Amino acid sequence: MPRYNPAEIEPRWQAYWERNKTFATSELPEPSRGGKKRYVLDMFPYPSGDGLHVGHPEGYTATDIVSRFARMRGDSVLHPMGFDAFGLPAEEHAIKTGEHPRIQTERNIENFTRQLKMLGFSYDWDRSLATTDEAYFRWTQAIFLVLYDTWFDHDQQLGRPIAELPIPNEVSMRGEAAVAAYQDSMRLAYQDDALVNWCPELGTVLANEEVVDGLSERGSHPVQRIPLRQWMLRITAYAERLIDGLESLDWAPGIKKLQTDWIGRSSGAEVDFYIGGEDSFAAWKSLRQANPLDDTPPADVLRVYTTRPDTLFGATYMVIAPEHPLVDQLTAESQAADVNAYREKASFKSDRERTEGDRAKTGVFTGSHAINPVNGEPIPIWVADYVLASYGTGAIMAVPAHDQRDFEFATQFGLPIVAVVEPPADLPGRDEVLAGRECFVGSGRVINSGPFNGQESDTVKQTITDQLSNDGLGRAAVNYKLRDWLFSRQRFWGEPFPILHELDAQGNPTGAKRPVPAEQLPVRLPELADFKPHGRPEPPLEKADDAWLYVTIDGVRYKRETNTMPQWAGSCWYYLRYIDPHNETALVDPRKEKAWMPVDLYVGGAEHAVLHLLYSRFWHKVLYDRGFVSTAEPFGKLVNQGMILGEVEFTGFQDQSGNWISARDVLRDVDGNRIDPAGNPVSSVTVDEADVEKSGDAFSLKSDPAVRIDSRAHKMSKSRGNVVNPDVVVRDFGADSLRLYEMFMGPLEATKPWSMTGVGGVRGFLDRVWRMIVDDRADDVVLSPAVVDTPCDEEQSRMMHLTIRRVTEDTDSMSFNTAIARMMEFTNYFTRCETRPREAMEVIVTLLAPYAPHIAEELWQCLCGGDITAHGCVSLRAWPQWDEAALVQSTIELPVQINGKVRGKITVAAETSEASVIASACQDERIAGLIEGKRIVKSIVVPGRLVNLVIK
RNA sequence: GCCGGAGUGGCGGAAUGGCAGACGCGCUGGAUUCAAAAUCCAGUAGCCGCAAGGCUGUGUGGGUUCAAGUCCCACCUCCGGUACCA
């Protein structure tokens, strides 16, 4: 009784593929095969201790189908897999247990590999890598040194070697140390003070994701923000190119927009406001005319950035961030106490806290004034935390009439509001705006603006900027929301920085640095006795012994950098290493890189839409500028798979005494707890599907239809207990069923709920395919007697060719769900046929091969009589071609509409002319009756589709 | 608030402006069976009707068109992201 038994056939075929290296990729694409090169890439996983989640195989199955399909069409396919293996969980495990994170990481990688192989993915496993491999992170460190050795030439918009950096005379005059310092200040990798999350109670620095509402995630201890010397990467230099590069990419428009918004380019003007007093304003102005704007503002001005230079005449006050360097200088004695108190309060708030809550504006007057350069008016300077120190110049001119935030602030503190842009005449509330009682942020005709009155604000933007520029008072400027990338972590389990800090005779750092010589890479992690935090805010590598920590080169003593790189580092370039994973002399052989890059298809979760994809594009562009790679962008086509939710759950609500409350009446209080309209707490109860029925557009209790029940699929989570484990699915249904179900659920990019009965459904399909071909009453796997060597009849042939066509087209467009539906139709049709021609059976097995490869191999062998040496395996078989001629039908059925409603059907020869189609439509008995006595106003024939008669 | 995405049977979903609901789940009936499982066959949007057939129907309201799930305008709901970037 050879029933379809995936538990037996799947491991057997996996072993066959592995033994025969069926999916090994050649070093270079093979043009002899006639196809294209295809680089099909998955976002590699973090190998967590929980193992694979059903969300992983969704994208992996999609890319596997694409890869297998491409191979069968003769393409050279590079389809690798690896592991993003540095990460916090392994380090936390190490702190708890003392086990080296490498041991746990390797165990997890082994488990992930087992699970991935169990699903039959056609990866070239010889190319597998982990970011934690020393042979891999050696090159991560090497790339860091490239960043360190590169400065950004803004004129050429190009990253160039630091040796080519022009040194200004006044710098070179001050000697070598000054030159080195100048170079350091221009590198793409540089050091700066940045705030870290220091938790004194835990004695460790925490990552942002380990801090929740200002408390540590573990133990809920207070977390302080303290400045620490950090490595930064100058990604902002590439902001413009990162925006421009998006245009050429085949990515979903939504993702491109997300990246563009994240980079957040805005253009406007920088304007200097004089803070030296009204008496000397005129003198200052004429002096500035002779000496145009310098990059660093002189001490007698407050420089602001604005996107609305057209509203300069409406600036009625100014605001500087609490951290602005001029706060002390600008604070009058009488205000000092208030300003200091305010500043101190602001310093305790994290960026997050500042923006959370009711967002009521706070601020305090400094006691001093600046002079508006366009009209000479003195205006007050305030300190307020709604202005961020890290954006623009950290100071703004406030135009309350035309900026919502300024308006709120001005209203709160009673500052003057002057409208300078006239809203369109038909705008409701126009008079309120002109009276300064409402805010208008649009463009319009400029008023109250001296010489500019009457012009359109969009033109004024330009002319006023030009004039400021001519007068040396301002200049056009561009700003980005994107900040430089904080690149160091105070962690053990990450790549060490290949940087040495020079020490003087006393053992103190001189400030000079040198890269670890290339031939000494990798810098390995030191052996530590334990992984417990040492209780100081410095990195844990400070615990390393002196042999690791100190290095002497050419008689100079150095201390190693003890920060480590963030998890993002390894994932920034792994796609390059797959091309040449064992190269010991280069990160990738340029010849191979040129042959395989760019990635043709990249599939992964949308949660990486911004950071990972932006960071790796940035690294890639630097490598491109420095000649290591040949393409300006790494990922040609990007697809984000949707999230898979848990099974749909029905939830009802009850009060304290167990009475049902309709879901419609359940509210949430300020803390997010469920309450009834009277404010009493409500508890949620899971309701069985059988006790629920649909009423209207919602579900309600069968026993009491007035009680509404919530019906929803939730995100899978351990705490909710709705996580589906792929091991269990494979055990109960087989890997082919899991693969097929994940693709059949719906479009790849959609969010969709899991359903175990749905898995049973596709398993049923595979069972039917099996029985269509195999004689399930015989003792061995032999062909069903219905499978015959005679060719298809006309209808069977049409079905076969139609299926080839639809499956080919749907697979090509990654519409896997409909491709599977087509194969189901084929199977339903041929199962009903008394005889099933072998040619059709060979076709369906071949079409199924990328989707359900194990059963396809097994059935292929059955069709071939088990002679694998003669017939090979189906995974490497040529994809079938369809014959258009076989699709043509001699007669077709056409629906006949009257006034757009289907009223009948006619059968006509395929080649019938429009006139005779209309004639036979009118002759149809039913149609004739309906049009009798009416006039046909118009008749439309859509060839092959329908006929529509418009009658009166 | 703002920015995305989505609203189609009991459920997941399908549909180049051209027969709405392919395919699958579930459900109902039948065949097979001593019985069950498995399998096979038929049916399955709602309403009216014995039937033939008719009417209504793709979140809501308008519009364009011979024809709208699909295009345009306004709105509602849900999901995801984001948070004062001057």
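Predicted model: local features only at pLDDT ≥ 70, side-chain atom pairs only at ≥ 80, totals over all residues.
Let me start with helix α23, residues 735-744, and helix α28, residues 853-863, whose axes come within 7 Å and cross at roughly 125°, the axes being lines fitted to C-alpha atoms over the stretch in contact, with angles from 0 to 180 degrees between N-to-C directions. Ala 735, Asp 736 and Arg 739 of α23 meet Pro 853, His 854 and Ile 855 of α28, where contact means heavy atoms within 4.5 Å.

Residues are numbered from 1 along each chain as written, chains are lettered from A and ligands numbered from 1 in the order written, and side-chain values use heavy atoms, without hydrogens and water.

Turning to the strands, there is an open sheet of four, ordered β2-β1-β24-β25 with parallel pairing, and two strands pair if DSSP finds at least two bridges between them. β2 (76-78) and β25 (638-641) stand at the edges with a single partner strand each, so one side of each has no neighbour in the sheet. The twist averages 20° from one strand to the next. Strand β24, residues 601-605, pairs with β25 in the parallel sense over four bridges, and Val 603 has Val 639 of β25 as its bridge partner.

Conventions:
Helix = DSSP H or I, 4+ residues; strand = E, 2+ residues; numbered from the N terminus.
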